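Here is a short report for a first look at this structure. Keep the sequence and the 3D view open as you read.

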Amino acid sequence: MPPSYMEERRHAALEVYEREPVPTWRRSGFWTTTLRHLRLDELEPRHYEPVGSFEELPGDVVDALNGEELAGLIVQRGASTIFTQVDPTLADDGVIFTSLERAVEEHPDLVEQWYMKRLSEDEGKFPAASAAFWTGGAFLYVPKNVQIENPIQVVYVIDEPGTAQYAHTLGVVGEFSECYLREYDVAPDFEGQALHAGGFELYCQAGSQVKLAHFQDWGSGEVYDISTKRVEIGRDAHCSWVPIHLGGHLTKQTLDIITAEKGSDMRHNGLYFTEGTEHLDLFTTDLHEQGNTTGDTVWKGALTGESRASYEGLIHIVEGAQQTNTYLQTHSMLLSPKAKADAIPSLIVKTDDVSASHGGTVGEVDEDQVFYMMTRGISRQEAIRILVEGYFEPVIGRLEDEPLEALVRERIAGKIAAAEQSVEEYIAQR
Amino acid sequence: MSLEIQNLHVRIEEREILKGVDLKVSKGETHALMGPNGSGKSTLANTIMGNPNYEVTEGKIFVNGEELTEADPDDRAKAGVFMAFQYPATIPGVSVANFLRTAVNARREEPIKVKEFGSMLRANMDLLRIDPEFTKRYLNEGFSGGEKKRAEILQMAMLRPEFAVLDETDSGLDIDALRIVSDGVNALRGPDMGTLIITHYTRILQYVTPDFVHIMLDGRIVREGGSELAGELEEKGYDWIREEVAAGAA
């Protein structure tokens with residue numbers, strides 16, 4: 001039997017889910033994110049049998065991980081955890097890495113202490129849905145003073161249309177511990193609808209050093225991703241978070257990073273590339289709850305086809321958070337005449353002695369740069385690929401993760417090649 | 001084997017800049033094209049390279065007998081033409097070394113071996129007295145004027161073109177940088193390369209002696225001669241040419 005607190009939370013979430021209508025997100029101006037084409041009733045959680053070895057995992061997962069050495073790996077297909085592998089030496093240090101479902105059974109007190117500490121079922125229909133319906137999930141607990149070298153990997157894969165995947169990842173990194181957590185959200189190309197509604201929460205306790213990367217590539221299927229991700233950083237702790245969005249029919253995500261105590265420091269560098277008719281709507285908040293905290297947020301995106309991408313980034317410094325030093329920048333590059341980008345940095349500052357700056361730009365490929373490269377014998381398509389890659393390089397380089405960097409570069413190159421014709425038409429007409 | 005320009009007329013937007021230019025640069029020759037600001041020198045360089053902002057309304061460009069008047073810039077590069085830019089573009093996020101490797105590979109069937117590329121790069125950097133750290137920097141980002149011009153000559157050295165057009169490569173250089181760039185050009189010139197040095201000043205020609213000098217005025221080449229013409233121009237200035245041309249026309 002699951003402990004009663006979990007049943008209570010699920011029940012509370014279900015109430016919210018049933019009460020709330022399917023939302024539409026509107027902002028002043030032209031931007032609307034609507035779910036009117038989502039046929040929620042036709043989607044359902046799908047269950048799968050576990051697999052016995054890495055090689056038996058879905059091909060897209062195997063490809064994305066490419067034989068890399070990992071400290072741990074949890075793969076969730078649809079609603080089911082199908083694979084769990086953990087470096088056995090981690091248990092000696094007291095590290096727990098298992099599905100959240102099992103953690104609730106095996107470590108009920110520990111889960112209760114942290115579960116949904118910074119997430120709430122009251123945030124809307126889909127946060128409530130993932131809180132009410134999640135299955136599988138992932139739980140990482142690193143006790144204090146533990147260093148884990150290799151990445152700890154969570155994968156959520158959807159490989160059939162009609163799937164509703166409700167996910168929840170909970171991570172706790174103890175005092176002065178160091179680790180690298182990666183979450184991949186992937187799907188092969190398929191025809192039809194699917195939904196990923198995810199909750200993600202990570203707590204970096206005092207003095208810890210944490211790297212975090214999200215890699216999303218839902219392929220060309222009609223995958224809706226409505227997720228909330230939140231990271232809390234404790235005293236003198238540091239977290240570097242790189243979310244990468246490379247595809248999804250419609251993505252609506254809230255990504256928040258909270259410097260919660262003095263001396264906490266965050267880096268938040270994101271990247272997106274949209275194509276076709278994809279719709280991406282990101283809202284990030286850098287919340288500074290105490291003074292003497294620092295932040296560095298840089299987001300870069302590129303758009304082809306008729307895709308739409310909106311990035312809204314808020315710096316929020318609460319009253320009394322003196323000596324906060326933070327900045328936020330967002331850039332978008334349009335590679336198609338029919339693509340639309342929106343970049344909105346904003347500030348809420350409730351205290352006086354802080355340094356906070358922000359800026360946003362939307363740009364296009366510079367024809368002078370293309371000409372310059374072509375005079376060196378480089379084709380137009382290659383020149384554009386190099387320019388886009390160079391544009392993303394400051395973010396990709398910050399991953400400090402060669403396999404993931406290579407994966408991101410390869411996917412971006414593929415998307416540029418696919419968009420070659422529309423990009424060329426666009427540049428030729430300017 | 002030559003780069004040949006015949007009766008070239010070029011427009012930018014609605015304005016005619018080149019009004020019938022003939023020029024032939026054969027392999028092994030070094031030509032200087034001189035002229036005051038606005039005479040059309042850079043337009044000629046950009047048109048040779050196929051800059052889409054310049055419209056050829058009449059005339060032809062040949063490289064080794066092949067007509068390239070309408071060719072894309074990358075095809076001209078592959079035919080052996082190179083231009084060192086007066087104002088090279090900045091390519092953020094792309095290191096000098098990566099850019100050079102891509103450019104070298106663009107004209108090869110098989111990509112160059114890492115070792116071979118490395119030793120080629122080192123040799124050329126020694127030649128131009130460039131610090132190895134330089135190649136890790138993003139191309140032209142935050143470069144000084146002299147560094148940009150050296151990066152241009154380094155590209156020329158790596159790509160070994162058959163015909164090189166140096167568009168005001170000497171402008172904005174102090175004497176040390178000018179000497180380094182000139183030494184580089186001198187080291188690369190030879191029977192396998194034809195060079196067209198475009199300049200406002202005679203300064204670079206004290207280091208790189210041209211075989212032929214052409215003077216351009218108002219979109220036309222109005223005087224041609226040997227290297228002594230540069231000396232005469234230095235002494236008498238562009239007004240002298242202007243007056244001579246006016247007198248000739250009268």
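How many bridges join β17(A) to strand β19 (residues 325-334) of chain A? The number is 10, and the two strands run parallel. Strands and helices here are DSSP runs numbered from the N terminus, with at least two residues (E) for a strand and at least four (H or I) for a helix. Two strands pair if DSSP finds at least two bridges between them. In this pairing, A:G295 stands opposite A:T326 in β19(A).

Strand β17 (residues 294-303) of chain A also pairs with strand β15 (residues 265-274) of chain A. That pairing is parallel too, over 10 bridges. Here A:Y272 stands opposite A:G301 in β17(A). Strand β17(A) is mostly covered, with 7 of its 10 residues buried. A residue is buried if 20 or more other C-beta atoms, placed from the backbone, lie within 10 Å of its own, exposed if 12 or fewer, and partly exposed in between.

## How to read the model

This is a predicted model, in which local features need pLDDT of at least 70 and side-chain atom pairs count only at pLDDT 80 or more, while totals for chains, interfaces and linings use all residues. Residues are numbered from 1 along each chain as its sequence is written, and chains are lettered from A and ligands numbered from 1 in the order in which they are written.

## The two chains

Chain A has 10 helices and 21 strands. Its radius of gyration is 21 Å, close to the 22 Å that the globule rule gives for 430 residues, so chain A is as compact as a globular protein of that length. The radius is taken over C-alpha atoms, and the rule is 2.2 Å times the number of residues to the power 0.38. Of the 430 residues of chain A, 52% count as buried.

Chain B has 7 helices and 10 strands. Its radius of gyration is 18 Å, which agrees with the value near 18 Å for a compact globule of 250 residues. Of those 250 residues, 42% count as buried. The C-alpha atoms of chain B fill a box of roughly 65 × 40 × 35 Å along the principal axes.

## The sheet of chain B

An open sheet of 6 strands has the order β6-β7-β8-β3-β9-β10 in chain B, with mixed pairing. Strands β6 (81-84) and β10 (220-225) stand at the edges, each with a single partner strand, so one side of each is left without a neighbour in the sheet.

Strand β7 (residues 163-167) and strand β8 (residues 194-199) of chain B run parallel, joined by 5 bridges. B:F163 stands opposite B:G194 in β8(B). Helix α5(B) packs on the sheet, touching β6 and β7 of chain B.

Helix α3 (residues 96-106) and helix α5 (residues 145-159) of chain B pack at an angle of about 35°, with axes 10 Å apart. Axes are lines fitted to C-alpha atoms, for helices over the stretch in contact, and angles run from 0 to 180 degrees between N-to-C directions. B:V96, B:L100, B:A103 and B:V104 in α3(B) meet B:A151, B:Q155, B:M158 and B:L159 in α5(B).

Which chain B elements face chain A? In total, 22 residues of chain B are in contact with 16 residues of chain A. Contact means C-beta atoms, placed from the backbone, within 7 Å. Elements giving two or more residues to this side of chain B are α2 (73-78), α3 and α5. The largest share, 4 residues, comes from α2(B).

Definitions and conventions:
Two residues are in contact if their C-beta atoms, placed from the backbone, lie within 7 Å.
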